[in-house]
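Dear colleague,

Please find the structure below, together with its sequence. My notes on what was found in it follow.

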Amino acid sequence: MQSTSLQIIETLKKAGHEAYWAGGCVRDMLLGIKPKDFDIVTSAKPDEIETLLEHTIPIGKKFGVILAIQNGHHFEIATFRSDAGYSDGRRPDAVEFTTAKEDALRRDFTINAMFYDPTTEKVIDYVGGQNDLRDQLVRFIGDPDQRIKEDHLRILRAVRFKNAYDFQYHPDTYAAIKKNVPLIKNISAERVADELNKMIMDRTHPSQSFEELFEIGALELIIPELCRLKGLAQPRQYHQENDVWDHSKMALDSLTYAEHAEGALPSLALKWAVFLHDIGKFETFQIDSERIRYNHHAEVGAELAKEILTRLKFPNKTLSQIHWLISHHMIVGPLFEMPAGRRRHWFLEAGFEDLLELIRADTAGTLPENFDQYNQLKKLYKSEIAKLKLMPKQLISGEDVMKILKLKPGQRVGEILKQIRDRQLSGEIKTKAAAKKFLQSL
C-alpha cells in the first residue's frame, strides 16, 4: 500500500502538482506506528485527479475528495481546500480550493494536520504538530470553540485520540470540550457509534476513553444506563475490585491480553458484550439476609443492551450476537450439571468460543481472581469439541420432518431438528432409522 501511494504522489508531482501524505498516517509515522492507510492531499483539482489516475470514484467530489483504486488498494485523495461555514455542525456549507497551509489550518487537531512528502522525506508542519507530538498533547488548531462548532464529533474524537495515544489535553482544548459537551446530542447515532466502536476496539486500555466520557458528562448523554453502574455496590464476598463500573472496565481491558494468548483479536460484538455484560445489575439489585444479589441480571441486561445498541443503530447481526452472549454469560454452573448431549449442543453454538472468552474476561475483572471454573470449562470444551469434529453428518432433513409429521415450514421444524441433534450427540440416536422412529414417537 505504501509503495502504491508513493506512485500516485509521483504521478501527481510529475504533472506539476503538489502532493503529500496527510493526517493520521503522518502522525503515526512520526510516533513510530505503522500507518493503516495513506491519505493524500494535492493541489490538483478533482477533474485533474480523475484525468491523471486510471481508476477513480468521485465519493466527495464537491468537497474535493476522490477515491483512487490502484494495485488493489484504495486511497482518498483530497484537493487542498478551505471551508466556508458549518451550519449543520458536520459538513462545510461550501469549499474553496486553496493552498497546503490553508488546508492544514482548517483541520481539527495539530497532530492530525501535518503533511509529509515521501519523495523528499520532508515533514510539512504549519500548525506545530511536531511539537505537540513531542509534548504528547491533543490541541485544537486555532479557536477550540470554532473547531467544535464546525463538527461536534470532534469532542469524541479528542477523547479517542487522547486515550489511544495516552496523551494529555492542551488546557484550552479541555476547556472547550467541557463547555461544549451538550452539542453531542446533535450528532447522529451512526457517527457516535462509529467513534465508540473505535474507542472500544483500542488494544491497550479501552476503558480509559469511557471513564473520560463519564468524567466530562458525555456518557450521560450517550449511554446513561452505563452511568448507573458507577457506585453500584457488589457483594464483597465475591467482588473486592470496587463497584460494578470498575468491574466492567477491568473485564473489558482484560481482553487486550487474551488476544495475544489466543492469536485472534476480540470481535466488536465480544468487546461490547463484555463491557455491557452486567448492565442489568442496576435494575435487579437487591439485598437478602445473606448478601447483595442481582437475580436474572443476565437476561435483563441482554434486553437492556439491545435497547442501547439499537438506539445507536447497530446492525441486527451484531445486536443478536451481543444479546446472546450477555444473556448466557452466567451459564458456567448449569453447563457442568447438564446431560452430556445437551452440553455438547451448547459447545457447537457458533458463538460459544466468544462466550467462553466473556466468561474469562468476567473472571479477570473480579478480585480475587479465581479461574478454576473457567479452566475446567475450557478443558472440557476442548476435549468435547475434538470428539464432535468426528460426529457424523445430519441424519435427517427438515423436509423429512415436515413430511413425516405433516408440518409446514416454521420454527417448530427447527426445534425438532435440534431435539434430534441433541439425542445424536448424547448417543441416543445413531442411525437415520432411529431418527425417523423418534419423529414418529412425536
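Helices (DSSP H or I, at least four residues) and strands (DSSP E, at least two residues) are DSSP runs, numbered from the N terminus. The model is a predicted one, in which local features need pLDDT of at least 70 and side-chain atom pairs count only at pLDDT 80 or more, while totals for chains, interfaces and linings use all residues. Residues are numbered from 1 along each chain as its sequence is written, and side-chain values use heavy atoms, with hydrogens and water left out.

Backbone

Asn71 lies in the loop between strand S4 (65-70) and strand S5 (73-79). Its phi is near 55°, which is positive although Asn71 is not glycine. Asp166, in the loop between helix H7 (154-164) and strand S11 (168-169), also has a positive phi, near 55°. Most residues other than glycine have a negative phi, and most peptide bonds are trans. The peptide bond from Leu367 to Pro368 is cis, with omega near 0°. Pro368 belongs to the loop between helix H20 (352-364) and helix H21 (372-388).

For accessibility, buried means under 20% relative accessible area, exposed over 50%, and partly exposed in between (1.4 Å probe, protein chains only). Asn71 has a relative accessible area of 51% and is therefore exposed. Asp166, at 48%, is partly exposed.

Gln7 is part of helix H1 (residues 2-14) and, at 36% relative accessibility, counts as partly exposed. For Gly414 and Arg311, 103 residues apart along the chain, the C-alpha separation is 31 Å. Gly414 is in helix H23 (residues 411-426).

Nonpolar cores

A nonpolar core is a set of buried Ala, Val, Leu, Ile, Met, Phe, Trp, Tyr and Cys residues joined through side-chain atoms within 4.5 Å. The largest has 98 residues, and Leu196, Phe210, Trp272 and Leu312 touch the most other members. Beyond its neighbours within four places in sequence, Phe210 is in contact with Leu196, Met199, Ile200, Leu219, Trp245, Trp272 and Phe275. A second, separate core has 13 residues, including Tyr20, Ala104, Ala113 and Ile124.

Trp272 and Phe275 are also among the buried residues of helix H14. This helix (residues 268-275) is mostly covered, with seven of its eight residues buried. A charged side chain is in that buried set too, namely Lys271.

Salt bridges

The structure holds 26 salt bridges (a side-chain nitrogen of Lys or Arg within 4 Å of a carboxyl oxygen of Asp or Glu). Asp103 and Arg107 form one of them, at 2.9 Å from N to O, and both residues are buried. In another, the closest N and O atoms of Arg160 and Glu195 are 2.6 Å apart. This pair links distant parts of the chain, from Arg160 in helix H7 to Glu195 in helix H9 (residues 189-200), 35 residues apart. Arg160 and Glu195 are both buried.

Glu283 and Arg228 meet at 3.6 Å, N to O. Glu283 is in helix H15 (residues 281-284) and Arg228 in the loop between helix H12 (224-227) and helix H13 (244-262), 55 residues apart. Glu283 has a relative accessible area of 49%, so it is partly exposed; Arg228, at 27%, is partly exposed. Finally, Glu211, Lys230, Asp246 and Lys249 are linked in a network of salt bridges.

Second largest pocket

A pocket is an open set of points on a 1 Å grid over the protein atoms alone, where a 1.4 Å probe fits, with protein on both sides within 12 Å along at least five of seven lines; lining residues have an atom within 4 Å of a point. The second largest pocket has a volume of about 980 Å³, a volume being the space filled by probe spheres set on the points, which are joined across faces, edges and corners. Of its 35 lining residues, Tyr238, His239, Met330, Asp362 and Gln373 are the closest to the centre. Strand S13 (292-294), helix H16 (297-311), helix H18 (332-337), H20 and H21 each give two or more residues to the lining.

The lining divides into 13 nonpolar, 14 polar and eight charged residues. Here Ala, Val, Leu, Ile, Met, Phe, Trp, Tyr, Cys and Pro count as nonpolar, Asp, Glu, Lys and Arg as charged, and the others, Gly among them, as polar.

With kind regards

Terms used. Contact means heavy atoms within 4.5 Å.
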